[in-house]
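Open your viewer and get ready to select residues by number.

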Amino acid sequence: MRSTILTAAIAVALSSITFGAQAAPGDTADLEALKAQLAVLQAKVAELESRTDAQSDINIATQQNVEKLASPATKVETKGGIKLTSADGNFAASLGGRIHFDAYAFDRDLADTTGTTDFRRARLTLAGKVYGWDYKMEQDFSAGSTTEGFRDVFIARKALGGKFTIGQFKPYRSMEELTSSNEITMMERPFASASGLYSGRQFRQGVGYLTAGGNFTFGAAAFALRDAAGPRNEGVGAAARATFSPINNDDSTLHFGVSGSTENANKNSANMRASVAYAGRRGPSQTIATTTGASGDSVDTVGLEFAGAFGPAYFQSEYARASFGAPLGGDQDVDTFYVMGSWMLTGEHKPYKSGTGVFGSPKGQGMWELTARYDSIENNDIADLEVRSTTVGMNYYFNPNVRLMFNYTRGDNEFTGDQTGQYAVRTQLSF
């Protein structure tokens with residue numbers, strides 16, 4: 001376009017000059033008029049050139065913007081939480097949390113109990129990845145503002161067909177223990193978990209490995225007998241768990257599992273004990289067995305799992321036997337088991353997490369779940385040292401992030417004769 005205009009202008013100029021050279025002296029006025037026309041044309045050419053340059057700049061800027069928009073950008077997700085992922089995918093960070101607010105009232109018997117309210121959990125969780133390494137840092141403010149509140153705090157890396165975890169985490173033992181507190185069926189876990197058999201030993205520091213296929217998992221861990229707030233010691237432990245689900249589809253799941261652990265106390269190790277709050281949290285408790293850290297003895301445990309979900313029906317059961325070492329009088333054997341079930345009154349199905357071998361909560365709104373559990377733990381070497389509890393409850397799911405729970409627990413302590421009951425309500429939010 002620009003070259004055409006310039007060519008036309010030059011042609012006009014040349015013809016005007018030629019005409020001026022051949023004209024008679026009396027035609028001076030005509031020559032001056034042609035010169036004026038040439039000046040006008042030159043001004044128009046300059047204006048058109050200016051517009052063309054401006055348009056070129058606009059086109060270049062537009063192209064640059066298009067290329068910028070087409071290139072990868074930081075990704076922001078807000079579904080269920082807040083997650084940021086860098087444009088190159090090498091960095092990611094997500095922020096989550098949970099609030100579990102409880103209220104308790106007791107039907108008293110022999111034990112002295114007081115109804116109360118309680119922040120069962122108040123956590124913030126930061127998780128993500130850095131150049132292929134996963135990380136997680138979780139603080140429970142209801143347990144303390146520093147190391148007392150540390151929960152999962154680790155880094156992890158995929159390798160050898162699974163994932164290695166280094167830091168503080170739960171050892172691979174007990175199906176219910178490995179189920180998230182956001183998705184447990186009852187307000188408190190059964191006696192075969194850290195609510196009894198592994199009391200005070202829920203999180204350990206060490207290294208773990210977990211692998212999983214379509215219908216199996218295997219996890220193993222080696223750890224020190226301490227968490228972030230515990231004393232430094234020389235006690236060590238190890239745990240392993242394997243699961244198999246011969247049936248696992250959208251409507252039906254059948255699960256089997258086996259686990260084992262050993263915890264070897266040593267100099268300055270904390271005492272290891274099995275202690276249960278048999279009438280619900282903040283209710284009366286009973287110690288079933290203890291291995292002192294000073295004794296240098298160990299606690300060895302074997303557990304079996306059986307669970308399934310078929311349509312709206314769900315059941316789960318575990319049995320565990322633990323041997324608590326003692327320097328005098330021989331070891332004490334502890335047996336514990338529970339049977340738990342639920343029925344989704346609104347027809348939903350509990351999902352199975354094949355990557356970890358546990359069940360989760362159904363996702364939806366306005367869902368009702370009827371629940372029940374029978375729980376028992378006994379020291380076989382001390383007469384009548386047995387505790388049982390029966391719990392019935394109802395869960396209402398407002399949406400996938402908000403749940404209301406109600407439990408009534410009837411505790412029965414054979415050792416003391418106490419039969420305390422508890423009414424408990426939880427309002428739960430997680431993201």
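Start on the surface: select Ile-82, Leu-95, Ile-99, Phe-101, Phe-119, Leu-124, Leu-126, Met-137, Phe-141, Leu-429 and Phe-431, which together form a nonpolar patch with about 990 Å² of accessible area. A patch takes residues with over 30% relative accessible area and no salt bridge, joining like charges within 9 Å and nonpolar side chains (Val, Leu, Ile, Met, Phe, Trp, Tyr) within 5 Å. Accessible areas come from the Shrake-Rupley method with a 1.4 Å probe, and for residues only the protein chains shown count as cover.

Please keep in mind that this is a predicted model, where local features need pLDDT of at least 70 and side-chain atom pairs count only at pLDDT 80 or more, while totals for chains, interfaces and linings use all residues. Residues are numbered from 1 along each chain as its sequence is written, and side-chain values use heavy atoms, leaving out hydrogens and water.

Now colour β3 (91-107) and β4 (116-130), each of which supplies at least two residues of the patch. Strands (E, at least two residues) and helices (H or I, at least four) are DSSP runs numbered from the N terminus. Leu-95 lies in β3 and is partly exposed, at 39% relative accessible area; buried means under 20%, exposed over 50%, and partly exposed in between (1.4 Å probe, protein chains only).

Next, go inside. The largest nonpolar core has 27 residues, and Leu-197, Ile-288, Phe-324, Val-334, Ile-377 and Val-387 touch the most other members. Elements giving two or more residues to this core include β6 (150-159) and β15 (313-324). A core here is a set of buried Ala, Val, Leu, Ile, Met, Phe, Trp, Tyr and Cys residues joined through side-chain atoms within 4.5 Å. Zoom in on Phe-324: beyond its neighbours within four places in sequence, its contacts (heavy atoms within 4.5 Å) include Leu-197, Met-272 and Val-334.

Finally, which residue forms a salt bridge with Arg-201? Select Glu-263: the closest N and O atoms of the pair are 2.8 Å apart. A salt bridge is a side-chain nitrogen of Lys or Arg within 4 Å of a carboxyl oxygen of Asp or Glu. Glu-263 is in β11 (residues 252-264) and Arg-201 in the loop between α3 (175-178) and β8 (204-212), so the bridge ties together parts 62 residues apart in sequence. Both Glu-263 and Arg-201 are buried.

Move on to Asp-134 and Lys-163, whose side chains meet in a salt bridge (2.8 Å, N to O). Asp-134 is partly exposed at 21% relative accessibility, and Lys-163 is partly exposed at 27%.
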